[in-house]
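Student: Could you walk me through reading aromatic pairs and a ligand site?
Tutor: Gladly; let's look together.

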Amino acid sequence: MHVALTGATGFLGLRLLHRLLDTHGSVTVLARAGSGSALDRITRFFELTGAPTAFTAGLPARLRVVETDLSLPRLGLSRRTFQKVADGLGAIWHSAGSINLEGDLPELRRTNLEGTRHVLELAAAGRRKPVVHHVSTAFVAGARREGVAYEDELDDASGFENAYEQSKYEAELLVHAWSRQHGRPAVVLRPSILVTDVPPHPELPSHPLMVIERILREARHAAGPTSQGQGRDTAASGGRPEAGEHGPRGPGPADRPRVRAVGHPHGRLNLLQVEHAAEVMVRLAGRTPSGGVDTYHVVHDRDVPVPTVVTLLEELASLSIDLVATRPDAPSAVEAVLDFYPGLTAYLAHRRRFDDTRVRALLGPSGVSAPVGLDYLRSGLNPRAGALQESPRTPPRASLSARPV
Ligand SMILES: NC(=O)c1ccc[n+]([C@@H]2O[C@H](COP(=O)([O-])OP(=O)(O)OC[C@H]3O[C@@H](n4cnc5c(N)ncnc54)[C@H](OP(=O)(O)O)[C@@H]3O)[C@@H](O)[C@H]2O)c1
């Protein structure tokens, strides 16, 4: 059965492609037009993450790249090419999307909602009736911060933390409507927050924790010199003593500017290794679909405590974060900058759990992954010495990955 994949150059899509190539001789890559050669970018990913040379050398023969724009009718393809691609498919994986947690709703709808509509139209046009595998997110559960989110639930009763969540929720509604209208099966895969221990590299896609780290750093810089570790931000320090001397590696924990962030000390977040998520998704796709929409929470069996995430962010942004119940009345300069990202900081207050009974029933304990700890997360966020300076097209560095992808 021939498969097509959207978003194959993305953080998750690259891992999905890797897993799909385990079982498929070739894959049609529906890449974004104007983003540079998808084949080169995909090849570079496999080089950087330690894939065997024979594997990367075989990619040009195994990948058929079709340049598309998700936001356009017929994915921006001519009528003829659209039909030809559709007729060649036995399954279509839709992983492309915008994960811009700071984006506005119209922008996110263009990619996440209209993009899904156009992919579903491609699936509807195919004479072999390709099965749709739609990559959604566990965060369609929205702004309900406590309790349990179940795989069968899909409602907007609690609203959303940000426009990203809403656009993904609306895309799932579309998949349900499409399945009903055409009497066709669809598989909805809802991963939680995806992470990796592969260090950042300019030629690799970024991931959500990197975005949060960048925002914290920018907030610190935007807030000016008082927040640069040269003294406490007095509004946030509550009159505590001024910082002492800095060590050779910059301010130590006691010297960092303090920031109050709304969050829950018993909060927890679900973080899952991206490689494991891709493996679970492809295994789930191997099951015979029920005929309607089958939805799966692709999540870790153990949540990460919010204080662990806070420790990580404190280290990376050289801040001290105090979790508080409500937004401070007189925000410090750094806190005022962070207030621009309410849809992001909200996650520190989350205490809900994602139920994945259906996945466990199908895959058993082998669906469970290794713990996600501080060292693992540090590795995926700290650029190793030299890795960021590596010039493009240099041979793969063994240090980027301890093991093949
Ligand atoms: N990352 C996570 O933690 C996470 C968690 C839950 C769910 N998800 C879902 O997983 C999916 C993949 O996320 P990701 O982390 O891989 O995101 P990503 O790294 O940002 O990759 C997005 C992919 O979509 C493509 N794309 C974006 N706009 C497009 C357009 N207009 N036309 C064609 N292609 C377009 C991008 O192409 P270019 O490379 O050319 O830009 C890229 O291949 C998304 O649907 C996301 O909602 C992700």
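Student: Are Phe-139 and Tyr-347 buried or exposed?
Tutor: Buried means under 20% relative accessible area, exposed over 50%, and partly exposed in between (1.4 Å probe, protein chains only). Here both Phe-139 and Tyr-347 are buried. This is a predicted model: local features need pLDDT of at least 70, side-chain atom pairs count only at pLDDT 80 or more, and totals for chains, interfaces and linings use all residues. Residues are numbered from 1 along each chain as its sequence is written, and side-chain values use heavy atoms, without hydrogens and water.

Student: What kind of aromatic pair do Phe-139 and Tyr-347 form?
Tutor: Rings of Phe, Tyr and Trp (its six-membered ring) pair if their centres lie within 6.5 Å; planes under 30 degrees apart count as stacked, over 60 as edge-to-face and the rest as tilted. The whole structure has five such pairs. Phe-139 and Tyr-347 are edge-to-face, at 5.1 Å centre to centre with 85 degrees between the planes.

Student: Which rings form one aromatic cluster?
Tutor: Phe-45, Phe-46 and Phe-55 do.

Student: Now the ligand: how far is the side chain of Tyr-164 from an oxygen atom of the ligand?
Tutor: For a polar contact, look for a pair of N or O atoms within 3.5 Å; within protein, one must be able to donate a hydrogen and the other to accept it, and residues adjacent in sequence count only if both atoms are side-chain atoms. A side-chain N or O atom of Tyr-164 sits 2.6 Å from a ligand oxygen. Thr-9 places a polar side-chain atom 2.7 Å from an oxygen atom of the ligand, while Phe-11 uses a backbone N or O atom, at 2.8 Å.
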